[in-house]
Amino acid sequence: MGWGDTADGPEGDRPGETVRWLVDLNAASAVCAAQLPAIGLVRWIGAELGDDYGGSPYTLATALALTVLLLLAPLVLPFVGLVQAAAQIVPGGRLARVVTPHVRGPVWAWHMVCSALVGVVWAALAALVWDWRFTVVAPLFAALGVLPALGPGYFRRRARVTGRRQGFWAVWLLSLFASVALFLLVSVGGVAATAAGLIGYQPPELSTARLAGVWRGVDGAALRLDADGKAELTELATESESESGDRTTDPIDVCDGPGTWSAEERGGRDAVVVRLDGTCGRATWWMIGGTESDPELFARFGDPDAGEVWILTRR
């Protein structure tokens with residue numbers, strides 16, 4: 001049988017069927033909630049390693065912030081898990097009940113497939129409404145539906161083995177233990193993999209043709225790079241030409257006007273050097289960062305460890 005392991009579902013006339021459906025909903029919600037912190041941590045590590053201008057993601061401040069979030073998680077995750085179960089896992093189970101009479105394979109496998117498909121539909125909606133990148137959110141939303149689809153079946157089999165159904169709070173206690181264990185596993189694994197060099201950031205390699213175009217920052221800042229080596233700056237930060245010569249106290253001149261640019265290498269990585277034709281600012285090195293699909297140019301001004309970072313993107 002499919003979701004709820006019933007013939008009539010929650011709309012059936014027998015109260016016991018409704019109770020069983022609610023038990024399965026509770027189990028799916030608990031599994032949804034258990035996996036979210038670990039998946040969120042994986043996404044965060046990936047985002048931090050995808051842009052190296054912010055420094056290492058493994059800092060004391062980061063550890064404290066993650067600890068606070070983990071302590072607050074039990075107050076928030078049950079509601080988030082319930083929403084995901086109602087929006088993805090339950091519809092996936094209903095779709096699996098429609099599909100399985102016409103195809104081969106166990107119901108639990110089709111429940112996973114259908115839940116993943118429902119996740120892809122939600123990803124398409126999110127990409128349409130919030131302009132999220134579909135190729136990124138679709139695999140994530142699909143993966144979020146795999147384990148929760150197995151949750152109800154696991155607890156049903158456990159009930160048959162033990163002879164008693166798992167209680168409401170017992171299910172959530174297991175969810176709490178599993179969530180903490182997964183979170184710690186990802187944390188330790190991420191640190192170990194980074195230290196061993198198994199994962200790490202590699203800036204994209206951009207040709208002159210890919211560098212050419214308009215790069216934009218905040219507050220109207222823009223940098224136009226032409227393929228012939230000419231540049232045009234609009235409200236863009238440059239290295240300061242202040243008389244004090246103190247790059248810590250006077251790090252930035254905001255300049256407009258024409259200039260030139262060239263692709264060069266600094267510190268073992270590719271960069272763009274922008275030089276103005278006038279007297280505003282000095283030559284400024286814009287390091288290439290981001291990813292192959294979403295490249296960025298960034299420059300740090302002032303203190304090398306805590307200076308101001310300007311970021312330019314193609315968005």
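**Notebook: strands, cores and a disulfide**

I began at one pair of facing residues, and found that Ile 288 stands opposite Leu 297 in β7. I note at once that I am reading a predicted model.

Next I looked up how the strands around this pair are joined. β6 and β7 run antiparallel and are joined by four bridges, and the two strands form a hairpin with four residues between them. I then turned to β5, which pairs with β6 in the antiparallel sense, again over four bridges; in that pairing Ala 271 stands opposite Met 287 in β6. I also checked how covered β6 is: six of its seven residues are buried, so the strand is largely enclosed by the rest of the structure.

I stepped back to the whole chain. I counted seven helices and eight strands in the protein chain, and I noted that buried residues make up 38% of its 315 residues. Among contacts with a separation of 6 or more, 55% are between residues 24 or more positions apart. The accessible surface comes to about 17,500 Å², and 64% of that belongs to carbon and sulfur atoms.

Then I looked for nonpolar cores. The largest one has 22 residues, and those with the most contacts inside it include Leu 211, Leu 225, Val 272, Trp 286 and Leu 297. Among the elements that give two or more residues to this core I listed β2 (222-225), β5 (269-276), β6 (284-290) and β7 (295-301), while β3 gives the most, with four residues.

I looked for disulfides and found that the structure holds one. It joins Cys 255 to Cys 280, with an S to S distance of 1.9 Å. The pair links distant parts of the chain, since Cys 255 is in strand β4 and Cys 280 is in the loop between β5 and β6, 25 residues apart. The torsion about the S-S bond is about -85°, so I wrote the disulfide down as left-handed. Cys 255 counts as buried at 0% relative accessibility, whereas Cys 280 counts as partly exposed at 27%. I checked two further cysteines as well: Cys 32 is buried at 0%, and Cys 114 is buried with a relative accessible area of 3%.

Gly 92 lies in helix α2 (residues 60-99) and is buried, with a relative accessible area of 0%. I noted that the C-alpha atoms of Gly 92 and His 111 are separated by 5.9 Å, although the two residues are 19 residues apart along the chain.

Last, I checked the length of helix α6 (residues 168-195). At 1.5 Å a residue its 28 residues should span 40 Å, and the end C-alpha atoms are 41 Å apart, which agrees. I listed the buried residues of α6 as Val 171, Trp 172, Ser 175, Ser 179, Phe 183, Gly 190 and Ala 193.

Technical notes
Residues are numbered from 1 along each chain as its sequence is written. This is a predicted model: local features need pLDDT of at least 70, side-chain atom pairs count only at pLDDT 80 or more; totals for chains, interfaces and linings use all residues. Side-chain values use heavy atoms; hydrogens and water are left out. Buried means under 20% relative accessible area, exposed over 50%, partly exposed in between (1.4 Å probe, protein chains only). Contact means heavy atoms within 4.5 Å. Accessible areas come from the Shrake-Rupley method with a 1.4 Å probe; for residues, only the protein chains shown count as cover. A nonpolar core is a set of buried Ala, Val, Leu, Ile, Met, Phe, Trp, Tyr and Cys residues joined through side-chain atoms within 4.5 Å. Two strands pair if DSSP finds at least two bridges between them. The expected span of a helix is 1.5 Å times one less than its number of residues. A disulfide is a pair of cysteine sulfur atoms within 2.5 Å.
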